[in-house]
Amino acid sequence: MNSKEIIDQYNSAVVQSYGRLDLALESGSGTRGTDADGRTLIDFGSGIGTNSLGYADSEWADAVSAQAHRVQHVSNYYYNSTAAEFARKLTGMTGTDKLFFGNSGAEANECAIKIARKRSFDRYGDRNRTTIITLVNSFHGRTVTTLSATGQEQFHNYFFPFTPGFKYVEANNIPALREAIDPTVCAVMFEFIQGEGGVNVLEQDFVDEIFALAKQHDLATISDEVQTGMGRTGRLLAADYFHVKPDIVTLAKGLGGGLPIGVCLTRGEYAEVLTPGTHGSTFGGNPVVCAGGLVVLKRLSDPAFLAELEKKAAYFRSSLEALPKVKSVTGLGLMLGAELDGIAASDLLKAALEKGLLVLTAKTKLRCLPPLTISYEQIDAGMEILKEVLENE
Ligand SMILES: Cc1ncc(COP(=O)(O)O)c(C=O)c1O
């Protein structure tokens, strides 16, 4: 089938909940994807930060395929060595104690919310100590509860009633954060860098205040690292930049290298909150997904890989900053947003696609989340396309 036939077939059978571009990706290698008509494109988006090792990394594909040939699913009535090894390795690398396995970022955040609320109830026996403070412009997922947690009015439509118990505070506004704390609050949930909200990095003082207030009022700290985690910022976790240890950390996107996984990592007493029957997910801890995840963990546990990643990220950033019509660049590592002058990010995205480059947007910004394995040559090739578009549009 050619691209048009694929697109027509898909749209005839799939609900129209996304604004898609007319591109059918059928194969790929590293940073380059190939569409159904045989056109090769450089990918600065990696499936929204998910194909962390690029397209069809051979070690990753071999591990996934070998696991599929052994056993693909066992259910959560039983144990499996691949899932056990993955969990032990990930908690070890992140300095956390225990994790819950789910399949997506939203599911990881649902789990975090449940743990924070149950821990509050277990400790205080108070059915009103349930409020979770989240930030304006945050994004935490598409389930009814994670939409509720998302601090953007545009997401609080149609699906009423939304889950109560969330309060939104402007990012980096310390007085507003202090003011929001009352006896109903049990947790603060935040992204270190708001991804969908516009690649906005939290200030260190604000992060420090979250942790100081959490200590003072016995609140759970929940960092949503669904987008920032697993090397995306140049460190394993964005928390490493801010020198803090949240009670609960959620991960998804790049963790499986392109397979569906979401985990909720916990520390200390938060690791003991869920008891049999209080939470579950049929596919959670799927061995095929964990086999792919183990290859991601192996790469990220190599200090040389992370050191190279930081260097490449600095190169990527300075190349982006040097482009015409780029006013400023925000973000860390390979999670970067560019504020543009004289061109809308959505127009740039379409023009870049025409010329063979995939990029993303976040609010008014151009957003880049390339694979962590991107080469200097591919950075240059992508930047060349951006330059051409920015000069001519
Ligand atoms: C920070 C953050 N949290 C949660 C989510 C939701 O993840 P998922 O789409 O895997 O449910 C996203 C997705 O963009 C995200 O960026």
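These exercises work through a predicted model of one protein, from overall form to single residues.

Residues are numbered from 1 along each chain as its sequence is written. Because the model is predicted, local features need pLDDT of at least 70 and side-chain atom pairs count only at pLDDT 80 or more, while totals for chains, interfaces and linings use all residues; side-chain values use heavy atoms, with hydrogens and water left out.

**Exercise 1. Overall form**

Task: Describe the fold content and the overall dimensions of the protein.

Solution: 
- Start with secondary structure. The protein has 13 helices and 17 strands. Both are DSSP runs numbered from the N terminus: helices are H or I with at least four residues, strands are E with at least two.
- Next, the extent. The C-alpha trace spans about 60 × 50 × 45 Å along its principal axes.
- Then test the radius of gyration, taken over C-alpha atoms; the globule rule is 2.2 Å times the number of residues to the power 0.38. For 393 residues a compact globule would come near 21 Å, and the protein agrees because its value is 21 Å.

**Exercise 2. Surface, burial and charge**

Task: Which share of the residues is buried, and what does the accessible surface come to?

Solution: 
- Buried means under 20% relative accessible area, exposed over 50%, partly exposed in between (1.4 Å probe, protein chains only). Of the 393 residues, 54% are buried.
- The accessible surface comes to about 17,500 Å². Carbon and sulfur atoms hold 52% of that surface.
- Now the charges. Lys and Arg count as positive, Asp and Glu as negative; His and chain ends are not counted. There are 37 positive and 47 negative side chains, and the centres of the two sets lie 4 Å apart.

**Exercise 3. Domains and contacts**

Solution: 
- The bounds come from an automatic or database domain assignment. Domain 1 covers 3–57 + 303–392, and domain 2 covers 60–300.
- The C-alpha centres of the two domains lie 26 Å apart.
- Contact means heavy atoms within 4.5 Å. By that rule, 29 residues of domain 1 meet 31 residues of domain 2.
- Among contacts with a separation of 6 or more, 72% join residues 24 or more positions apart.

**Exercise 4. Helix α12 and its cover**

Task: Which residues of helix α12 are buried, and what covers them?

Solution: 
- Helix α12 spans residues 345–354. Its buried residues are Ala345, Leu348, Leu349, Ala351, Ala352 and Leu353.
- Recall the helix geometry. An α-helix has 3.6 residues a turn, so residues three or four places apart point the same way.
- Now the cover. It includes strands β3 (40–43), β14 (335–340), β15 (357–358), β16 (360–362) and β17 (365–368). Helix α13 (376–392) is also part of it.
- Check the end of the helix. Just after α12, Gly356 takes a positive phi of about 100 degrees.

**Exercise 5. Backbone in the loops**

Task: What are the backbone values at Ser75, Pro161 and Val199?

Solution: 
- Ser75 lies in the loop between α3 (58–70) and α4. Its phi is near 75 degrees, a positive value in a residue other than glycine.
- Pro161 sits in the loop between α6 (144–149) and β6 (166–169). The peptide bond from Phe160 to Pro161 is cis, with omega near 0 degrees.
- Val199 falls in the loop between β8 (193–194) and β9 (200–201). Val199 is not a glycine, yet its phi is positive, at about 55 degrees. Val199 counts as buried because its relative accessibility is 0%.

**Exercise 6. Buried or exposed?**

Task: Classify Glu209, Val185, Ala314 and Ser81 by accessibility.

Solution: 
- Glu209 belongs to helix α8 (residues 204–217). With a relative accessible area of 14%, Glu209 is buried. Beyond four places in sequence, Glu209 touches Ile174, Leu177 and Arg178.
- Val185 is in strand β7 (residues 185–190). At 2%, Val185 is buried. Leaving aside neighbours within four places in sequence, its contacts are Arg129, Thr131, Ile133, Ala180 and Leu219.
- Ala314 is in helix α11 (residues 303–321). At 48%, Ala314 is partly exposed. Ala314 and Gly333 are 19 residues apart in sequence and 7.0 Å apart in space, C-alpha to C-alpha.
- Ser81 is in helix α4 (residues 81–94). At 56%, Ser81 is exposed. Ser81 and Leu99 are 18 residues apart in sequence, with 15 Å from C-alpha to C-alpha.

Methods. Areas by Shrake-Rupley, 256 points an atom, 1.4 Å probe, with all protein chains shown as cover. Charge placed at Lys NZ, Arg CZ, Asp CG, Glu CD.
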